[in-house]
Amino acid sequence: MTAKAPNLIVVLGPTASGKTALGVAVATRVGGEIISVDSRQVFRGMDLGTGKDLHEYGNIPYHLIDIINPGAEFSVFEFQRRFFTSFSDICGRGCLPVAVGGTGLYFDAVLSHYRLVEVPEDPQLRRELAQLSLEELTARLRAVTPRLHNTTDLLQRERIVRAIEIALHEPADSDPLPEVRPLLIGIRWERARLRQRITARLKTRLDQGLIGEVEGLLAAGIPHERLNYYGLEYRCVAAYLRGEYNRNDMFQKLNAAIHDYAKRQETWFRRMERNGALIHWVDGENDPLAQTKGILDRAGVAFHAGPSGRGE
(Lines give C-alpha, C1' and ligand atoms only; values in the text may rest on other atoms or scores of the structure.)
Protein backbone atom coordinates (compact mmCIF):
# COMPACT_ATOMS: atom_id res chain seq x y z
CA MET A 1 0.00 0.00 0.00
CA THR A 2 1.38 3.42 -0.95
CA ALA A 3 1.95 5.67 2.04
CA LYS A 4 -0.10 8.83 2.19
CA ALA A 5 1.74 12.05 1.37
CA PRO A 6 2.61 14.36 4.29
CA ASN A 7 -0.08 16.86 5.22
CA LEU A 8 2.23 18.93 7.45
CA ILE A 9 5.75 20.17 6.76
CA VAL A 10 7.74 20.96 9.92
CA VAL A 11 10.78 23.23 9.91
CA LEU A 12 12.58 23.18 13.24
CA GLY A 13 15.95 24.06 14.67
CA PRO A 14 17.71 26.02 17.41
CA THR A 15 17.47 29.78 17.76
CA ALA A 16 19.23 31.79 15.02
CA SER A 17 19.41 28.77 12.71
CA GLY A 18 17.37 30.38 9.90
CA LYS A 19 14.06 28.55 10.47
CA THR A 20 11.86 31.43 9.39
CA ALA A 21 13.69 32.04 6.11
CA LEU A 22 13.62 28.35 5.21
CA GLY A 23 9.99 27.95 6.31
CA VAL A 24 8.89 30.90 4.17
CA ALA A 25 10.87 29.60 1.16
CA VAL A 26 9.26 26.17 1.55
CA ALA A 27 5.75 27.59 2.00
CA THR A 28 6.23 29.74 -1.10
CA ARG A 29 7.12 26.71 -3.20
CA VAL A 30 4.54 24.21 -1.91
CA GLY A 31 1.53 26.51 -1.82
CA GLY A 32 1.66 26.60 1.95
CA GLU A 33 0.83 28.74 4.95
CA ILE A 34 2.96 29.00 8.07
CA ILE A 35 1.88 28.06 11.58
CA SER A 36 4.29 29.45 14.17
CA VAL A 37 5.39 26.96 16.84
CA ASP A 38 6.82 29.48 19.29
CA SER A 39 5.70 30.07 22.86
CA ARG A 40 6.31 33.84 22.73
CA GLN A 41 5.53 35.02 19.21
CA VAL A 42 1.85 34.75 20.08
CA PHE A 43 2.17 38.04 22.00
CA ARG A 44 1.58 41.40 20.36
CA GLY A 45 4.25 44.05 20.85
CA MET A 46 6.95 41.49 21.63
CA ASP A 47 8.75 41.49 18.30
CA LEU A 48 12.51 41.90 18.64
CA GLY A 49 12.81 39.82 21.79
CA THR A 50 10.94 36.90 20.21
CA GLY A 51 12.53 37.13 16.77
CA LYS A 52 9.34 37.41 14.73
CA ASP A 53 11.13 38.70 11.62
CA LEU A 54 7.76 39.44 10.00
CA HIS A 55 9.46 41.20 7.09
CA GLU A 56 10.60 37.77 5.88
CA TYR A 57 7.07 36.45 5.30
CA GLY A 58 6.22 38.53 2.26
CA ASN A 59 2.81 37.40 0.96
CA ILE A 60 2.83 34.08 2.82
CA PRO A 61 -0.04 33.89 5.32
CA TYR A 62 0.96 33.06 8.89
CA HIS A 63 -0.90 31.89 11.98
CA LEU A 64 -0.40 31.99 15.78
CA ILE A 65 1.63 35.21 15.69
CA ASP A 66 0.35 38.39 17.38
CA ILE A 67 -2.84 36.78 18.63
CA ILE A 68 -2.95 37.86 22.32
CA ASN A 69 -1.87 40.88 24.34
CA PRO A 70 1.30 40.86 26.46
CA GLY A 71 0.68 40.17 30.12
CA ALA A 72 -1.67 37.27 29.40
CA GLU A 73 -0.85 33.61 29.89
CA PHE A 74 -0.67 31.21 26.97
CA SER A 75 -0.74 27.51 27.82
CA VAL A 76 0.28 24.43 25.88
CA PHE A 77 -3.42 23.50 25.88
CA GLU A 78 -4.33 26.80 24.23
CA PHE A 79 -1.53 26.36 21.68
CA GLN A 80 -2.64 22.84 20.77
CA ARG A 81 -6.26 23.94 20.36
CA ARG A 82 -5.36 26.91 18.17
CA PHE A 83 -2.78 24.93 16.18
CA PHE A 84 -5.26 22.25 15.14
CA THR A 85 -7.89 24.88 14.31
CA SER A 86 -5.39 26.58 11.97
CA PHE A 87 -4.19 23.23 10.62
CA SER A 88 -7.72 22.11 9.72
CA ASP A 89 -8.56 25.48 8.20
CA ILE A 90 -5.45 25.50 5.99
CA CYS A 91 -5.95 21.91 4.85
CA GLY A 92 -9.64 22.60 4.21
CA ARG A 93 -8.67 25.32 1.73
CA GLY A 94 -6.40 22.95 -0.16
CA CYS A 95 -3.16 24.44 1.15
CA LEU A 96 -0.28 22.77 2.96
CA PRO A 97 0.51 23.81 6.56
CA VAL A 98 4.18 24.53 7.29
CA ALA A 99 4.92 24.53 11.03
CA VAL A 100 7.98 26.62 11.89
CA GLY A 101 9.59 27.08 15.28
CA GLY A 102 11.84 25.90 18.05
CA THR A 103 9.63 25.34 21.11
CA GLY A 104 10.05 21.62 21.72
CA LEU A 105 7.14 21.19 24.11
CA TYR A 106 4.77 22.75 21.57
CA PHE A 107 6.02 20.43 18.83
CA ASP A 108 5.45 17.47 21.15
CA ALA A 109 1.89 18.66 21.81
CA VAL A 110 1.20 18.45 18.07
CA LEU A 111 3.33 15.56 16.86
CA SER A 112 2.78 13.25 19.85
CA HIS A 113 -0.97 13.97 19.94
CA TYR A 114 -1.01 14.66 23.67
CA ARG A 115 -4.60 14.70 24.87
CA LEU A 116 -4.62 18.10 26.56
CA VAL A 117 -7.62 19.46 28.44
CA GLU A 118 -8.46 22.89 29.78
CA VAL A 119 -7.75 22.84 33.51
CA PRO A 120 -9.22 25.49 35.83
CA GLU A 121 -7.18 26.91 38.68
CA ASP A 122 -7.46 25.04 41.98
CA PRO A 123 -7.26 27.60 44.85
CA GLN A 124 -7.00 24.94 47.55
CA LEU A 125 -4.14 23.15 45.78
CA ARG A 126 -2.39 26.46 45.17
CA ARG A 127 -2.57 27.36 48.87
CA GLU A 128 -1.04 24.00 49.68
CA LEU A 129 1.74 24.38 47.11
CA ALA A 130 2.53 27.92 48.26
CA GLN A 131 4.04 26.43 51.43
CA LEU A 132 6.59 24.37 49.48
CA SER A 133 10.10 25.35 48.46
CA LEU A 134 11.17 25.33 44.81
CA GLU A 135 12.94 21.99 45.39
CA GLU A 136 9.85 20.50 47.03
CA LEU A 137 7.64 21.74 44.18
CA THR A 138 9.95 20.16 41.63
CA ALA A 139 9.89 16.85 43.53
CA ARG A 140 6.07 17.03 43.70
CA LEU A 141 5.84 17.60 39.95
CA ARG A 142 8.19 14.72 39.18
CA ALA A 143 6.11 12.47 41.43
CA VAL A 144 2.90 13.15 39.48
CA THR A 145 4.64 13.31 36.08
CA PRO A 146 7.30 10.56 36.13
CA ARG A 147 8.22 11.10 32.44
CA LEU A 148 8.68 14.82 32.87
CA HIS A 149 10.72 16.21 29.95
CA ASN A 150 10.15 19.97 29.96
CA THR A 151 12.92 20.70 32.46
CA THR A 152 13.59 24.20 31.15
CA ASP A 153 10.64 25.55 33.18
CA LEU A 154 11.66 24.09 36.54
CA LEU A 155 13.16 27.37 37.76
CA GLN A 156 9.85 29.24 37.81
CA ARG A 157 7.39 28.57 40.64
CA GLU A 158 4.39 29.78 38.65
CA ARG A 159 4.96 27.27 35.86
CA ILE A 160 5.70 24.38 38.22
CA VAL A 161 2.49 25.02 40.18
CA ARG A 162 0.50 25.16 36.95
CA ALA A 163 2.11 21.95 35.69
CA ILE A 164 1.16 20.14 38.92
CA GLU A 165 -2.37 21.49 38.63
CA ILE A 166 -2.69 20.13 35.09
CA ALA A 167 -1.07 16.78 35.90
CA LEU A 168 -3.56 16.14 38.73
CA HIS A 169 -6.60 16.98 36.62
CA GLU A 170 -8.69 14.07 35.35
CA PRO A 171 -8.92 14.33 31.52
CA ALA A 172 -12.37 14.52 29.99
CA ASP A 173 -13.57 12.95 26.77
CA SER A 174 -13.30 15.29 23.80
CA ASP A 175 -13.32 15.28 20.03
CA PRO A 176 -10.51 13.36 18.33
CA LEU A 177 -7.52 15.31 17.08
CA PRO A 178 -7.07 15.60 13.30
CA GLU A 179 -4.72 13.16 11.59
CA VAL A 180 -1.27 14.65 11.15
CA ARG A 181 1.27 13.12 8.76
CA PRO A 182 4.34 15.26 9.35
CA LEU A 183 7.55 15.56 7.38
CA LEU A 184 10.20 17.00 9.69
CA ILE A 185 13.04 19.18 8.37
CA GLY A 186 15.70 20.27 10.86
CA ILE A 187 18.41 22.90 10.33
CA ARG A 188 21.87 22.18 11.71
CA TRP A 189 24.92 24.42 11.99
CA GLU A 190 28.43 23.71 13.17
CA ARG A 191 28.47 24.80 16.83
CA ALA A 192 30.97 27.66 16.44
CA ARG A 193 29.05 29.09 13.47
CA LEU A 194 25.76 28.94 15.35
CA ARG A 195 27.35 30.79 18.26
CA GLN A 196 28.52 33.48 15.84
CA ARG A 197 25.02 33.79 14.39
CA ILE A 198 23.44 34.05 17.84
CA THR A 199 25.85 36.80 18.93
CA ALA A 200 25.45 38.74 15.68
CA ARG A 201 21.67 38.54 15.85
CA LEU A 202 21.61 39.74 19.46
CA LYS A 203 23.76 42.76 18.54
CA THR A 204 21.41 43.55 15.65
CA ARG A 205 18.30 43.34 17.82
CA LEU A 206 19.79 45.59 20.44
CA ASP A 207 20.66 48.09 17.69
CA GLN A 208 17.11 47.80 16.33
CA GLY A 209 15.59 48.75 19.69
CA LEU A 210 15.20 45.71 21.95
CA ILE A 211 15.76 47.83 25.06
CA GLY A 212 13.10 50.26 23.91
CA GLU A 213 10.71 47.39 23.32
CA VAL A 214 11.11 46.25 26.92
CA GLU A 215 10.74 49.82 28.18
CA GLY A 216 7.48 50.06 26.26
CA LEU A 217 6.14 46.86 27.81
CA LEU A 218 6.97 48.12 31.30
CA ALA A 219 5.36 51.48 30.53
CA ALA A 220 2.24 49.62 29.37
CA GLY A 221 1.94 48.12 32.84
CA ILE A 222 3.55 44.71 32.34
CA PRO A 223 5.27 43.96 35.68
CA HIS A 224 8.89 42.83 35.89
CA GLU A 225 7.77 39.46 37.25
CA ARG A 226 5.70 38.80 34.14
CA LEU A 227 8.58 39.81 31.87
CA ASN A 228 10.70 37.19 33.64
CA TYR A 229 8.07 34.66 32.59
CA TYR A 230 8.56 35.64 28.94
CA GLY A 231 12.14 34.45 28.72
CA LEU A 232 15.76 35.39 28.45
CA GLU A 233 15.72 38.64 26.47
CA TYR A 234 12.98 40.24 28.54
CA ARG A 235 14.41 38.99 31.84
CA CYS A 236 17.94 40.30 31.19
CA VAL A 237 16.94 43.62 29.65
CA ALA A 238 14.47 44.27 32.48
CA ALA A 239 17.26 43.60 34.99
CA TYR A 240 19.46 46.08 33.10
CA LEU A 241 16.70 48.68 33.27
CA ARG A 242 16.46 48.12 37.03
CA GLY A 243 20.17 48.93 37.28
CA GLU A 244 21.27 45.39 38.13
CA TYR A 245 23.71 45.24 35.17
CA ASN A 246 25.54 47.73 33.04
CA ARG A 247 24.95 47.40 29.30
CA ASN A 248 28.04 45.31 28.61
CA ASP A 249 27.30 42.89 31.47
CA MET A 250 23.69 42.60 30.27
CA PHE A 251 24.87 41.75 26.77
CA GLN A 252 27.37 39.16 27.98
CA LYS A 253 24.90 37.46 30.32
CA LEU A 254 22.15 37.43 27.72
CA ASN A 255 24.44 36.21 24.97
CA ALA A 256 25.68 33.31 27.13
CA ALA A 257 22.12 32.46 28.19
CA ILE A 258 20.92 32.29 24.56
CA HIS A 259 23.85 30.01 23.67
CA ASP A 260 22.82 27.70 26.53
CA TYR A 261 19.21 27.82 25.36
CA ALA A 262 20.25 26.73 21.86
CA LYS A 263 22.03 23.73 23.38
CA ARG A 264 18.87 22.80 25.29
CA GLN A 265 16.84 23.04 22.07
CA GLU A 266 19.26 20.69 20.33
CA THR A 267 19.02 18.29 23.27
CA TRP A 268 15.23 18.36 22.94
CA PHE A 269 15.39 17.54 19.23
CA ARG A 270 17.69 14.59 19.97
CA ARG A 271 15.16 13.38 22.54
CA MET A 272 12.44 13.63 19.89
CA GLU A 273 14.54 11.39 17.66
CA ARG A 274 15.11 8.87 20.45
CA ASN A 275 11.35 8.77 20.90
CA GLY A 276 10.82 7.87 17.26
CA ALA A 277 10.61 11.17 15.37
CA LEU A 278 12.32 11.08 11.97
CA ILE A 279 14.01 14.45 11.45
CA HIS A 280 15.63 15.07 8.07
CA TRP A 281 18.57 17.34 8.86
CA VAL A 282 19.87 19.92 6.39
CA ASP A 283 23.11 21.88 6.61
CA GLY A 284 22.37 25.55 7.25
CA GLU A 285 25.67 26.55 5.67
CA ASN A 286 25.10 24.72 2.38
CA ASP A 287 21.89 25.82 0.59
CA PRO A 288 19.34 24.31 2.98
CA LEU A 289 16.49 25.01 0.52
CA ALA A 290 18.06 22.83 -2.18
CA GLN A 291 18.54 20.05 0.37
CA THR A 292 14.94 20.45 1.51
CA LYS A 293 13.71 20.22 -2.08
CA GLY A 294 15.33 16.79 -2.38
CA ILE A 295 13.64 15.64 0.82
CA LEU A 296 10.23 16.90 -0.33
CA ASP A 297 10.68 15.34 -3.77
CA ARG A 298 11.32 11.93 -2.20
CA ALA A 299 8.24 12.37 -0.02
CA GLY A 300 6.04 13.15 -3.00
CA VAL A 301 5.43 16.81 -2.12
CA ALA A 302 5.12 19.06 -5.18
CA PHE A 303 7.80 21.73 -5.09
CA HIS A 304 7.67 24.73 -7.43
CA ALA A 305 10.92 25.98 -8.95
CA GLY A 306 10.37 29.51 -7.63
CA PRO A 307 7.89 31.82 -5.91
CA SER A 308 4.34 30.79 -6.68
CA GLY A 309 2.90 34.28 -6.77
CA ARG A 310 0.32 33.45 -4.12
CA GLY A 311 -0.73 36.36 -2.00
CA GLU A 312 -3.45 36.83 0.57
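Me: Before I look at any single feature, what is pLDDT, and what is the mean pLDDT of the protein?

Reply: pLDDT is the predictor's confidence in each residue, on a scale from 0 to 100. This is a predicted model, and the mean pLDDT of the protein is 87, with 88% of its residues reaching 70 or more.

Me: Where is confidence lowest and where is it highest among the helices and strands?

Reply: The lowest confidence falls in helix α6 (residues 157–167), with a mean of 76, whereas strand β3 (residues 62–63) has the highest, at 98.

Me: How should I read the protein as a whole, and how many helices and strands does it have?

Reply: The secondary structure comes to twelve helices and six strands, and buried residues make up 47% of the 312 residues. Of the contacts with a separation of 6 or more, 76% are between residues 24 or more positions apart. The protein exposes about 15,400 Å², of which carbon and sulfur atoms supply 50%.

Me: Why is helix α3 described as largely enclosed by the rest of the structure?

Reply: An α-helix has 3.6 residues a turn, so residues three or four places apart point the same way. In helix α3 (residues 104–111), seven of the eight residues are buried, so this helix is largely enclosed by the rest of the structure. The buried residues are Gly-104, Leu-105, Tyr-106, Phe-107, Asp-108, Ala-109 and Val-110, and they pack against β1 (8–12), β2 (32–37), α2 (76–92), β4 (96–101) and α11 (247–274).

Me: Which residues of helix α12 are buried, and what do they pack against?

Reply: In helix α12 (residues 288–298), the buried residues are Pro-288, Thr-292, Gly-294, Ile-295 and Leu-296. They pack against β1, α1 (19–30), β5 (182–188) and β6 (279–283). Just after α12, Gly-300 takes a positive phi of about 80 degrees.

Definitions and conventions:
Residues are numbered from 1 along each chain as its sequence is written. This is a predicted model: local features need pLDDT of at least 70, side-chain atom pairs count only at pLDDT 80 or more; totals for chains, interfaces and linings use all residues. Side-chain values use heavy atoms; hydrogens and water are left out. Buried means under 20% relative accessible area, exposed over 50%, partly exposed in between (1.4 Å probe, protein chains only). Helices (H or I, at least four residues) and strands (E, at least two) are DSSP runs, numbered from the N terminus. Contact means heavy atoms within 4.5 Å. Accessible areas come from the Shrake-Rupley method with a 1.4 Å probe; for residues, only the protein chains shown count as cover.
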